[in-house]
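Here's a quick briefing to read with the structure open beside you. Have a look at the overall layout before going into the details.

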Amino acid sequence: MRGLPRWVLAPALLGALFVVVPVVAMVARLDVSGGLGGIWDLLTSPTATDALWLSVRTSLVATVCCVLLGAPMALVLARTTFPGQRVARALVLLPLVLPPVVGGIALLYTFGRRGLIGQHLSVLGIEVAFTTTAVVMAQTFVALPFLVLSLEGSLRTHDARYEEVAATLGASPTTVLRRVTLPLVLPGLVSGAVLAFARALGEFGATITFAGALQGVTQTLPLEIYLQRSADPDAAVALSLLLVVVAVIVTAAVHGGPFGRTDPQVRGAGSSAEGDRGLGGVRGLAAGDQVPAESDRGGPPRTPRASPSASEPVTLGVRVRLAERGVDLDLTVEPGQVVAILGPNGAGKSTVLQAVTGLLPHRAHPPRRARSRRDAGSPGPDGAAPGPRTGAPVPARDELRVTVGGEILTDTSRGLSVPPRRRGVGWLTQRPLLFGHLDAADNVAFGLRARGVPRRAARSEARERLDELGAGPLTARRPGALSGGQAQRVSITRALATDPRVLLLDEPLASLDVGVAQQVRRVLHDAQRDRPRTTLLVTHDLLDVLLLADRAVVLEGGRVVEDGPAREVLTRPRSRFAARLAGINLLAGVATEDGGLLLDGPGLAVAGVVADATSLVAGDPAVAVFAPRAVAIHRDAPSGSPRNAFAVTITSIEPHGQLFRAWGEVTGPREVRDAVGHLAADLTPRSVADLRLAPDEHVWFAVKAAEVQVYGTR
Ligand SMILES: Nc1ncnc2c1ncn2[C@@H]1O[C@H](COP(=O)(O)OP(=O)(O)OP(=O)(O)O)[C@@H](O)[C@H]1O
């Protein structure tokens with residue numbers, strides 16, 4: 001009862017009674033005066049056993065039909081989008097709302113002797129109606145939606161990125177389906193099959209209409225019960241009981257078994273390690289089972305397929321122009337270079353990575369204006385620059401072009417797109433996305449086996465790779481038994497094992513504790529040092545940029561607003577986002593003659609010192625930057641030596657190493673607030689106490705001109 005209000009018990013009990021009492025009433029109606037032997041005789045009469053056996057046989061065959069037809073239907077509904085999808089789903093589920101008798105009539109008009117298809121079959125001497133086949137068809141017709149619904153629900157609750165990662169590891173769509181998707185949703189598939197079996201077992205209306213009631217041929221148990229109802233009510237009750245017992249045994253066996261437990265994937269879907277752990281519960285493959293490599297399926301071992309390997313670092317070229325996403329940028333990454341892609345939420349970072357993986361869902365769009373988005377124009381959660389506004393300039397024509405080492409992987413102008421599995425692009429995400437039904441070694445071996453390496457060789461190489469990256473002791477562990485950091489190590493090993501030409505790191509350390517993140521960062525750093533690989537790294541972490549990246553590219557509103565050596569971008573940021581990441585205050589405007597800056601918008605002057613006098617002339621676009629440590633806080637407007645003073649309202653005060661960092665939002669006219677935004681000031685704990693500083697206080701932030709560096713942004 002933990003967490004549940006007590007009153008829930010009452011309706012729950014009422015519901016249970018509503019189901020159980022009629023069954024009890026039926027049992028009570030049973031005439032036991034002749035002893036249990038009498039009932040036994042009824043149950044073992046030839047008509048009863050014929051009916052039971054027929055029901056079980058046809059229901060099993062119907063269940064198999066439901067799986068064979070329903071699983072592909074669920075996959076199409078859950079994993080693709082196409083026009084009229086809602087209508088298609090409604091049609092698939094139609095038998096759920098259709099009275100079964102109507103279903104039977106529909107089947108009769110289709111497969112009956114004079115039916116739409118039946119008349120042609122008749123000519124060939126094939127009669128379907130009123131045969132055992134008709135029973136199976138009637139049962140499949142009514143039971144199919146149960147399997148589709150259950151499996152589609154299961155597919156939708158599972159992260160499709162498991163399949164995407166498998167594709168980037170080199171697996172073909174069929175291999176992904178067999179080795180990743182089906183093991184992932186096996187509990188949902190089994191539940192759906194059980195529901196379908198139960199529905200088929202109890203099927204009556206469609207069967208009697210389409211198949212009739214011929215003993216041993218089409219007379220299933222529900223039909224036998226119906227027919228006995230008037231002739232021998234006791235027999236009808238005894239047979240009903242038999243049906244109930246069979247149904248309860250089947251559903252209890254499955255729901256009490258390994259597939260009946262709560263789907264752990266759904267439970268842990270929120271967090272990285274949890275999500276991966278969840279898969280530990282999938283019993284699609286029993287503990288020592290291995291997924292057969294293509295070369296393990298008999299026949300001579302195949303020569304491993306050639307895979308694009310990273311023996312020599314390659315150049316990466318990316319051009320993304322997508323009106324729908326407001327992204328318009330070009331990027332060239334030198335061989336072996338690690339480029340950090342920075343930017344506020346919605347800036348287009350993931351879009352760039354998706355373009356390189358080949359996973360970007362894209363249709364060729366006609367030129368158009370940016371579509372109106374509810375969130376367009378509002379600042380991201382981090383208070384940084386807004387996304388594209390309605391009517392903002394957008395790419396004139398959609399275009400995606402990705403080249404790796406001179407090879408064109410995507411070129412929408414020529415309708416060319418190499419599938420993810422053939423790109424030689426490794427992809428690492430915030431969640432490790434390890435396949436929960438495989439141990440660490442098999443996870444790492446996955447990509448090798450998808451390329452045709454025999455299982456034994458792949459596992460042995462996987463073990464070596466895990467050893468190299470300090471994860472040797474984890475070889476035999478399933479993801480459910482790994483910590484977040486360990487899982488990410490295995491995931492890195494898995495991504496590197498296929499020797500990708502380009503590595504994409506999408507915030508791989510973001511969900512790890514600080515200490516663990518540092519260890520994993522070191523793993524990435526060492527791997528790059530030992531084998532330089534062209535890499536794109538999306539991150540919001542200053543340390544990632546400083547320790548891993550050679551170059552930093554800042555995106556805002558889908559455009560590159562800053563691009564340069566990582567250290568320079570952080571120490572001399574030219575965009576507000578980079579400044580914020582680096583913990584520096586930044587104001588943008590144009591250079592003034594006296595070495596200061598005239599702010600964009602309000603025309604407010606900021607006194608400063610030109611840092612790169614050689615290249616800057618008055619009127620040039622420029623930024624003024626100053627460290628939070630250089631800011632002094634005053635209760636009253638400061639006066640005296642040349643200094644810049646901003647009236648602010650304190651928005652937060654947070655610990656920052658040995659100091660405190662106070663964030664203040666500039667007050668004044670709207671254009672001043674827009675131009676300056678938030679400023680940071682560092683102060684000692686003692687100053688915080690002396691000033692009695694607290695959020696919502698109005699104070700002044702002052703910075704001496706000598707502390708403000710101005711440099712050009714052209
Ligand atoms: N599937 C999609 N369909 C249409 N627009 C999308 C889709 N995914 C993202 N966008 C839009 O594309 C733009 C870029 O999004 P993207 O996910 O690349 O940003 P991001 O920089 O990775 O953001 P975040 O840091 O939040 O992950 C945003 O305006 C976003 O709303």
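The C-alpha centres of domain 1 and domain 2 sit 72 Å apart in this predicted model. Domain 1 covers residues 21-261 of the protein chain, and domain 2 covers 583-712. Below are the sheet, its helices and the ligand shell.

**The sheet**
- Six strands make up an open sheet with mixed pairing, in the order S7-S8-S9-S3-S10-S11.
- Its edges are strand S7 (425-428) and strand S11 (559-565), each of which pairs on one side only.
- On average, neighbouring strands here are turned by 15 degrees against each other, ignoring direction.
- Within the sheet, strand S3 (residues 338-342) runs parallel to its partner, strand S10 (residues 551-556), and the two share four bridges.
- Which residue in S10 is the bridge partner of Val339? That's Arg551.

**Helices on the sheet**
- Helix H16 (residues 349-357) packs on the sheet and touches S3, S7, S10, strand S8 (502-506) and strand S9 (534-538).
- The direction of H16 makes about 150 degrees with that of S8.
- Helix H19 (residues 484-497) lies across S7 and S8, at about 170 degrees to S7.

**Around the ligand**
- There are 13 residues around the ligand, and those that come nearest are Arg325, Asn345, Lys349, Ser350 and Thr351.
- Which helix gives the most to this shell? H16 does, with three residues, and H16 is also the helix that packs on the sheet against S3 and S10, among others.
- By type, the shell has eight polar, three charged and two nonpolar residues.

Notes
Residues numbered from 1 in each chain as written. Predicted model: local features only at pLDDT ≥ 70, side-chain atom pairs only at ≥ 80, totals over all residues. Domains from an automatic or database assignment. Pairing = 2+ DSSP bridges. Axes fitted to C-alpha atoms, helices over the stretch in contact; angles between N-to-C directions. Contact = placed C-beta atoms within 7 Å. Near = placed C-beta within 6 Å. Nonpolar A, V, L, I, M, F, W, Y, C, P; charged D, E, K, R; others polar.
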